[in-house]
Structure formats: structure tokens, C-alpha cells
Amino acid sequence: MAGVLTKYSFINAKLRARISQILPDEVFHQLGQAASVDAALALLRDTPYAHLEEVYNTSGDLRLAELELLKSEIELYRNIRQYLHESSMPLVDTLLLRFEIDNVKNAIRIYFDRKIRGRLDESAAHYILYEPIHRPIPMDLIVNAQSFDEIAGVCRGTPYRAIVEKYGPIVESDGSLFRMEVAFDHLYYGRLTAAIQGLTRDDREIAVRLIGVEIDLLNISWIIRFKRFYDLPLDVIEAALIPGGFHLNRSTVEELYRAQNVTPVLQKFVVGTYPGLSALLASQASDSTSRLTLISHILEEIRRHEVQRILAGYPFTIGIILAYFLLKADEMKKVRTILNAKHLGRPLEGIESVL
């Protein structure tokens with residue numbers, strides 16, 4: 001017990017204090033009612049997001065403000081890492097790896113659009129992070145590469161090289177990044193699962209559940225999107241799904257895939273797994289866009305339910321660290337969603353439905 005207290009008493013107190021400062025719902029309602037993106041940014045002046053207004057006012061580019069938001073999220077992990085017991089650091093390092101993988105994927109998308117699709121968007125390169133996240137990778141060389149062989153060379157010494165070498169020819173023949181990007185995601189979750197196995201038994205059980213739920217939600221989202229937008233066969237989708245989910249079984253995967261309307265299947269999943277969230281199912285969606293919004297809302301509520309479950313449980317575990325990262329990611333997602341909605345002139349009703 002003394003070892004657990006030594007590991008988590010300080011970080012638990014620190015993170016609970018920070019969690020108490022997370023922006024409350026009323027702030028997001030005020031942001032949603034702001035008349036413009038400028039007005040919304042002004043409302044953020046007394047929050048950790050005050051710097052976004054200066055970036056936007058200087059550049060007039062909301063995507064650059066979003067890039068600053070991403071940098072803030074990465075810095076959050078680095079900041080917390082310094083307060084952790086050394087046994088918790090490998091897990092946080094692996095969580096940080098996700099940002100690097102996403103950045104590499106974004107750089108490869110720019111190469112893919114330019115070189116394979118023949119679409120030149122010079123502005124896209126402005127939204128890549130060029131400073132190292134986990135390891136030094138010259139992102140400009142990926143963005144401006146002439147071939148996947150060249151990108152593989154740039155990624156020498158990283159686990160990304162093998163993926164680019166294996167899937168580069170497939171991307172060229174398919175005209176799609178689908179298989180390569182799935183491989184990147186499998187790499188991340190494989191590393192994350194390995195890091196979780198290095199935790200103590202109690203921490204491992206908590207991390208397996210929370211990360212397992214994250215994997216469930218990602219896989220549900222993929223089944224719906226891969227079927228709806230790419231019309232992929234079931235076996236291809238099953239091969240793409242991330243292993244390690246907590247609740248989602250093969251039977252539910254098949255039901256989700258074969259259903260014309262996935263909402264009843266998802267409702268059945270929620271009732272069986274999260275009966276406390278049954279009230280969400282009272283909402284009805286008449287068209288496909290509304291159904292997707294409802295599904296997204298249900299998945300977000302499942303994530304929040306798991307975080308609250310951890311916060312109400314025994315405090316001296318890895319759970320407080322994971323819960324804090326998820327809560328901050330949710331806060332930043334809301335800020336990003338509202339600013340984008342204001343930029344695009346979306347009505348208040350449309351914003352509130354995604355918060």
C-alpha cells in the first residue's frame with residue numbers, strides 16, 4: 001500500500017486540482033451562443049486557451065489556431081510526465097506516440113494528394129508539426145518526398161519505415177491510404193497494449209478497461225464509417241479492427257455491419273453494457289445524418305461514464321492520470337468544435353448537438 005501511495009498521492013492531488021479547473025458546461029453554452037469566432041475567442045481570454053485569439057487575430061487562419069491547440073495537448077502530456085513515478089512514464093510516452101503517428105499520417109496524406117492524386121494544396125504543409133514529438137523526424141522531407149521509398153528512408157530508425165515499405169506499393173495500386181493508415185493505428189494500439197502489460201496488476205486492470213473502451217468506441221466508429229462510406233466487405237473490416245476491445249464482440253460487430261440502421265444495434269449494446277445510459281436512447285433520429293450525430297453522442301457519453309467511474313473509485317491508481325488526459329482531450333475537442341462551427345456559421349442547434 002505504501003508503494004501505491006508513494007506513486008500516486010502527489011499526482012492524484014495535483015490532477016484532481018487541475019480537473020476542478022476544467023471548463024464547465026456553462027462556458028461551452030456561452031461559447032455556443034457567441035455571435036462569431038472572434039466573440040467566442042474573446043470569451044476564452046481568461047482560460048488556458050487565451051493564446052488562440054492572438055494566433056487567429058495575427059494570421060486570420062483558424063487552422064493555425066487549431067494547430068496551437070494540438071501543441072497545447074502534446075505539452076500537457078510532457079508536463080504531467082515530469083511529475084510521475086518512473087513506472088508510469090512508459091505508458092504516458094506511448095500515449096504521446098499517438099500524436100507523432102497522427103503527424104506522420106498527415107504528412108503522408110499531403111504527399112499522397114500531391115504525388116498520387118495530383119492535387120496540389122500548398123497551404124496543407126502549414127498545418128504539420130515540424131518540431132519533434134517523440135523522436136526527430138524531418139517532416140518536411142516526407143511532405144516533399146517524390147516516392148514512398150524516399151519516405152521510408154526518412155523514417156529510417158523508426159517503426160514507421162516497415163509500414164511505409166510494406167504498404168507503399170499497396171497505396172499506389174489501390175489509390176487509397178486506407179490499409180497504410182490502419183497499419184499505423186495497429187502499431188499505436190499494439191505499443192499501448194504492451195505498455196499496459198508493464199503495469200502492476202491493479203493498474204493494468206484499470207488501463208485495460210479504459211483503453212479497451214476507447215478501442216470499442218473506435219471500432220464501432222470504423223464499422224459504421226467503413227460500411228457507409230467505403231462499402232467494404234465484412235472480412236476486410238474485421239481485419240482492420242483494433243484488437244483489445246473491452247465489450248465489443250464478434251456478434252455485435254456482425255450485427256452492426258449487416259444492419260440497415262445501426263442505431264437499434266447500438267442501443268442494444270448500450271442497454272446490455274451501460275444500463276445507466278439508457279436515457280440517451282430516448283432520443284430519436286429520423287435521417288442518416290441525425291443518426292450519426294446521435295451515435296457519436298452515445299459513444300462520447302460511454303467514454304464520459306467510464307471516466308466518472310474511475311474518478312469515483314480508489315484514487316491511488318493509474319486511472320487518475322488516464323482520466324485527466326481524457327477529460328482534457330474532451331475539453332479541447334469542444335473548443336475546437338465550437339470555433340470551427342462559428343467559423344462555418346453553423347446554427348446554435350447544430351453546435352449543441354455535438355457538445
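In this predicted model, the axes of helix α5 (residues 62-81) and helix α6 (residues 89-116) come within 10 Å and cross at roughly 170°. Axes here are lines fitted to C-alpha atoms, for helices over the stretch in contact, and angles run from 0 to 180 degrees between N-to-C directions. Helices (H or I, at least four residues) and strands (E, at least two) are DSSP runs, numbered from the N terminus. The pair α5 and α6 is therefore roughly antiparallel, with angles under 35 degrees counted as roughly parallel, over 145 as roughly antiparallel, 65 to 115 as roughly perpendicular and the rest as oblique. On the α5 side the contact (heavy atoms within 4.5 Å) involves Leu70, Glu73, Ile74, Tyr77, Arg78 and Arg81, and on the α6 side residues including Met89, Val92 and Phe99. Sorted by class, that makes eight nonpolar, no polar and five charged residues; Ala, Val, Leu, Ile, Met, Phe, Trp, Tyr, Cys and Pro count as nonpolar, Asp, Glu, Lys and Arg as charged, and the others, Gly among them, as polar.

Residues are numbered from 1 along each chain as its sequence is written, and side-chain values use heavy atoms, with hydrogens and water left out. As this is a predicted model, local features need pLDDT of at least 70 and side-chain atom pairs count only at pLDDT 80 or more, while totals for chains, interfaces and linings use all residues.

Helix α6 also packs with helix α10 (residues 178-197): their axes come within 9 Å and cross at roughly 175°, so α6 and α10 are roughly antiparallel too. Among the residues that meet are Leu91, Ile101 and Ile108 of α6 and Phe184, Tyr188 and Leu192 of α10. The contact holds 14 nonpolar, one polar and six charged residues. Helix α10 in turn packs with helix α9 (residues 160-174), at about 155° and with the axes 8 Å apart, which makes α9 roughly antiparallel to α10. Here Tyr160, Ile163 and Tyr167 are among the α9 residues that meet α10.

Asp102 and Lys105 sit three residues apart in α6, so about one helical turn separates them.
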